[in-house]
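Dear colleague,

I am passing on the structure below, together with an account of what was found in it. Please look it over before reading the notes that follow.

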Amino acid sequence: MVGRCAEPCPASLDHASVHGRSTMHIERPSELDLAKFLLAHQGFRRQAARLRDLLASPEELTGERLAALTRHWTKYLCVLEHHHTTEDEKIWPLLRAAAPEAAAALDELEAEHAELDRLIDASAAALVRLADDPYHRPAAAALFGEFADLVDRHLDHEEKHAVPLLLTALTRDEWLAIETANAASLRAHDLVPFVLPWSLEDAPPAVVDAFLSSSPPELRTVYEKVWLPAYQRQARLLWQGMFDTAARA
Ligand SMILES: [Fe+2]
Ligand SMILES: [Fe+2]
């Protein structure tokens with residue numbers, strides 16, 4: 001994701017202001033700005049729930065709409081796998097070094113990543129099969145339901161055990177280095193045109209404005225003129241009015 005709050009902002013600390021739902025509230029000020037990290041969690045939850053509800057609904061899923069679903073799911077998985085890789089390879093090792101007593105909780109989070117990988121593979125295979133066999137819909141819906149439940153459970157777990165540790169164990173420079181590398185990797189994988197409107201979709205206007213205001217002007221322009229309209233076109237084709245998908249300019 002690109003863009004950041006200009007300074008450690010309330011959005012990075014008041015979880016409820018970033019999340020529509022919240023499992024934690026951090027009272028203590030911190031120098032870390034976790035807004036992008038938490039917005040990604042919000043996006044993972046929101047999209048997993050929508051995919052679950054779409055598959056479980058009587059909505060027709062053929063042709064262009066099924067193709068849009070597959071494109072959206074593929075991008076979603078790229079972002080999720082990117083997020084997990086950053087956690088497993090960069091963030092958790094720092095936490096393990098700073099807080100050895102957290103090893104068991106971090107082991108559990110890594111195991112949940114592996115469990116999600118299994119469901120990701122099964123769900124992807126289910127979508128491929130659905131293209132040829134509409135009678136596979138109930139089985140696909142069950143898999144996406146299982147996936148959404150695990151995403152919720154894992155992120156709740158992570159926000160309860162890892163986020164408080166992040167705020168106490170990592171320095172601002174360590175976190176900035178992780179975010180800088182993460183942004184470079186997202187650009188290298190051409191994920192920014194998707195991940196920016198995706199992660200800001202349900203963010204409060206003040207949070208969206210803070211992200212865009214702290215970004216280079218040319219990024220704001222391409223976001224508003226190209227990436228957001230493309231994301232909204234895709235959302236209209238995919239969800240067809242099932243959800244409020246007002247990605248904001
Ligand atoms: Fe996470
Ligand atoms: Fe995670």
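A crossing of two helices is called left-handed if the near helix is turned anticlockwise from the far one by less than a right angle, and right-handed if clockwise. Helices (H or I, at least four residues) and strands (E, at least two) are DSSP runs, numbered from the N terminus.

This is a predicted model, in which local features need pLDDT of at least 70 and side-chain atom pairs count only at pLDDT 80 or more, while totals for chains, interfaces and linings use all residues. Residues are numbered from 1 along each chain as its sequence is written, and chains are lettered from A and ligands numbered from 1 in the order in which they are written.

On confidence, pLDDT (the predictor's confidence in each residue, from 0 to 100) averages 85 over the protein, with 86% of the residues scoring at least 70. Over residues 1-29, however, pLDDT stays under 50. Where pLDDT is low, the predicted coordinates should not be read in detail.

As for the fold, the protein has ten helices and zero strands. Of its 249 residues, 33% count as buried, where buried stands for 20 or more other C-beta atoms within 10 Å of a residue's own, exposed for 12 or fewer, and partly exposed for anything in between, with C-beta atoms placed from the backbone. Among contacts (pairs whose C-beta atoms, placed from the backbone, lie within 7 Å) with a separation of 6 or more, 73% join residues 24 or more positions apart.

Helix H5 (residues 103-132) packs against helix H6 (residues 137-169) at an angle of about 160°, and their axes are 9 Å apart; such axes are lines fitted to C-alpha atoms over the stretch in contact, and angles run from 0 to 180 degrees between N-to-C directions. H5 and H6 are therefore roughly antiparallel, a term for angles over 145 degrees. The crossing of H5 past H6 is left-handed.

Glu-112 belongs to helix H5 and is partly exposed, having 18 other C-beta atoms within 10 Å. Although Glu-112 and His-154 are 42 residues apart in sequence, their C-alpha atoms are 6.5 Å apart in space. Leaving aside residues up to four places away in sequence, Glu-112 touches His-154 and His-157.

Arg-236, in helix H10 (residues 217-239), is exposed, with 12 other C-beta atoms within 10 Å. Arg-236 and Ala-68 are 168 residues apart in sequence and 9.8 Å apart from C-alpha to C-alpha.

Methods
Contact = placed C-beta atoms within 7 Å. Parallel < 35°, antiparallel > 145°, perpendicular 65-115°, else oblique.
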